[in-house]
Amino acid sequence: MNAILDEIRDAYAIVGIEVEGIATYGTYYRLRCERCGRALGSVGDRLLPGIARRIVNDQLELYATGLLGCQCGYQSERARSIAQRDP
Ligand SMILES: [Zn+2]
């Protein structure tokens, strides 16, 4: 585990996405819905500090409207509850 991976994990946890612990293609980690376990793509760990959170923040609206995230709607629920708390 490295610091960037921890940061990526924390950032995605906010919207209910789990980052798998084992790298799939060297530096890529699979993303999964925390509620139903569906695969939601992957993320690379070649990010600079602070970027992972910004990426997730920038995508919050897409998660909220359901354009990103799982079909079960979990990320949408999470993103909307964050938006209400912190507009
Ligand atoms: Zn799901």
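This is a predicted model: local features need pLDDT of at least 70, side-chain atom pairs count only at pLDDT 80 or more; totals for chains, interfaces and linings use all residues.
Let me start with helix H4, where Gln75, Ser76, Arg78 and Ala79 are buried. Seen down the axis of H4, these buried residues fall within an arc of 165°, and therefore they line one face of the helix. On the other side of H4 we find Gln84 and Arg85, which are exposed. As for what covers the buried residues of H4, the cover includes strand E1 and helix H3, which spans residues 60-64. The helix itself covers residues 74-85, which makes twelve residues, and from its first C-alpha to its last it reaches 17 Å, close to the 16 Å expected at 1.5 Å a residue.

Let me now step back to the protein as a whole, which has four helices and three strands. Reading from the N terminus on, the elements run α-β-β-β-α-α-α. The radius of gyration is 12 Å, close to the 12 Å that the globule rule gives for 87 residues, so the protein is as compact as a globular protein of that length. Its C-alpha atoms fill a box of roughly 35 × 25 × 15 Å, taken along the principal axes, and buried residues make up 24% of the 87 residues. If we take the contacts between residues at least 6 apart in sequence, 40% of them join residues at least 24 apart.

Next comes the sheet. The three strands form an open sheet in the order E1-E2-E3, with antiparallel pairing. Strand E1, residues 17-23, and strand E3, residues 39-44, stand at the edges with a single partner strand each, so one side of each is left without a neighbour in the sheet. From one strand to the next, the twist averages 30°.

How many bridges join E1 to E2? There are four, and the E2 in question is the strand of residues 28-33, running antiparallel to E1; here Ala23 stands opposite Tyr29 in E2. E2 and E3 also pair in the antiparallel sense, over four bridges, and in this case Arg30 stands opposite Ser42 in E3. The hairpin of E2 and E3 has five residues between the strands, and in that hairpin Gly37 takes a positive phi near 85°.

Conventions: Residues are numbered from 1 along each chain as its sequence is written. Two strands pair if DSSP finds at least two bridges between them. Helices (H or I, at least four residues) and strands (E, at least two) are DSSP runs, numbered from the N terminus. Axes are lines fitted to C-alpha atoms, for helices over the stretch in contact, and angles run from 0 to 180 degrees between N-to-C directions. The expected span of a helix is 1.5 Å times one less than its number of residues. A residue is buried if 20 or more other C-beta atoms lie within 10 Å of its own, exposed if 12 or fewer, and partly exposed in between; C-beta atoms are placed from the backbone. The arc is that of the directions from the helix axis to the C-beta atoms. Two residues are in contact if their C-beta atoms, placed from the backbone, lie within 7 Å. The radius of gyration is taken over C-alpha atoms; the globule rule is 2.2 Å times the number of residues to the power 0.38.
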